[in-house]
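Dear colleague,

Please find the structure below, together with its sequence. A short account of the findings follows it.

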Amino acid sequence: MIELSNIQKYYGTYHALRDVTCHIQEGEFFSLLGPSGSGKTTLLRTIAGFEGINSGTVMIGGQQMDGVPPNKRPTNMVFQSYAIFPHMSVAQNVAYGLRSQRLSKTETAQMVSETLAKVGLAGYGGRAAHALSGGQRQRVALARALILKPKVLLLDEPLSALDRKLREEMQSELRRLQRSLGITFVLVTHDQEEALTMSDRVAVMFEGQIAQLDSPQALYKHPASKRVAEFFGAMNILKAEIIEVNGDIATTRIEGLGVAELAVPKAASVESSFCVGVRPESMTILDDEEQAYAKETPATVTEVEYRGEMTYYDVTIDGADKPVVVSMRNTSNRALREVGHHVRIGWENASAVLLLDQD
Amino acid sequence: MSKRILTVFMIAFILFLYAPTLLLPIFAFNDSSIIAFPLSGFTLDWFASLGAADELRKATGTSLIIATSSSIIATMLAMLATSATVRYRFPGKGAMIGTIMLPMFLPEIIIGVSLLTVVLLAGLKLSIYTIIMGHVLICTPFCIAILRSSFQQLDPSLEEASLDLGESRFDTFRRVTLPLIMPGVVSSLLIAFTISLDEFVIAFFLSGTEPTLPVYIWSQLRFPQRIPSVMALGTLLLLLSVALLTLSEVLRRRSARRLGKDMTGGVL
């Protein structure tokens, strides 16, 4: 649906987009994830037509978009500030883009009320735009874009201004809306949880480049670099030393834990330096007689953080100087450990990922 | 104690500001051609005499034409300049704003003399048009000062949203930008109108055979018996100004309420 090829963008001397290439498929929920200044919003605005690019091509629906202004593109956008026209009613806002279609008054009214119902605002047409709450404004912004039946809906951090509860509600609602309409959604966000829960695929961006493009599961389980790994949830980063490489598998000595056979990242080269990431939930503090894991490492509990369903332990592996985090589900038959306890940590090859130390 | 001093100071200050203005209506209704107390009686003769003065009517017409045209031209120029300077960065922007704003601080007599030189050098005839030119020059900075805050309050993503929803740049201006900056545009028109209407120095230098109202009033002051008529005229102008100011403030508040903004700011 959208094909971005070798896009370069400069603001003066600042290199905002560095050779970005990615293909967004039809009907996909695609997220651009990155910290502020990573170029994700610039890329979205490039697709919408608000930003010119220095080189590269943007194709939407098989058509070259070079020189096509925003009002002639088959995309519609939900702005971060929602950009609801304050001098119009809700219905006037939603009907704004219909003017060129020259519909009759009754047709327009019909479409407006149908679209408002779709976003959960049935009956709000007569309200003044400034009298709406944040969540309602966002729904109006959605309705205003969706009524035009765009091929692609672009969303610029649409949930960042909402409080937590409303945000979670809107996440599942956006997802449901996207599934039922079958429109391609491109979402910009800095919230990794949002990207994970909503998207079919996520492009992780740092400094104007796509660091990794993958499904949420793949990003979480097999991050390509240390930076991507740290961006998604908690990750213990440990020093690593490659002993031997055999095809795609590297025999690696992991600081403190021991030796493991790990997959070599695709982007690795001879000069790459590596480290190893281990998710807190992929290690276990073993019960006294438990033998469920292929590898075991002795350690001492140095901190306990109880969070209801989970307990987070800081454990220092014998001989190491800084602790790693291990999270344990609080099931009824598992004993809580206390600071100072000597324990065994159970893990296996699949617990660890070999990461590129730099991008 | 200090509170009382402040109260007295405030009353004295307001008297100093407005007492001279209040003398205008008082003598406009006084039944004597000599401007002095005690007042001798009530009359409407002076207002009636205004209707009979052909030259006065002509001067008023001239002034209205000039004030209307210069306020519209100045406001339009200011809208163009402000929308460019608020939204875009370009080389020489600071120098450009400085040059446009300069007439606000230049003595009018200098502007008047230089414009007169230019007009004569260019071989143009002094007319209503030359005065409009001069008034546009001095009104534009004020219009820019007013419109700048309107444009600054305008969220640029509103215009982007309109483009994104399929409207052209022109229709975006018509449907989104203009309605939202309207209170500023009205204030700008009004201020420029008022400035042009009572401007004397430039109009004096640049007027040909058709004097503006202030120039006409000045010429009448040579004849003492005409002074009460001038006072009556002044009273009418005063009422007109107050009415215009009130109107613009009412319009501004109404639109502010419609947009759900607070009512601070504006001319009043």
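How many helices and strands does chain A have? Chain A has eight helices and 20 strands, where helices (H or I, at least four residues) and strands (E, at least two) are DSSP runs numbered from the N terminus.

This is a predicted model, in which local features need pLDDT of at least 70 and side-chain atom pairs count only at pLDDT 80 or more, while totals for chains, interfaces and linings use all residues. Residues are numbered from 1 along each chain as its sequence is written, and chains are lettered from A and ligands numbered from 1 in the order in which they are written.

An open antiparallel sheet in chain A comprises five strands, ordered β15-β19-β16-β17-β18; two strands pair if DSSP finds at least two bridges between them. Because β15 (284-285) and β18 (324-329) of chain A are at the edges with a single partner strand each, one side of each has no neighbour in the sheet. Two bridges link β15(A) to β19(A), residues 342-347, and Ile285(A) has Ile345(A) as its bridge partner.

Yours sincerely
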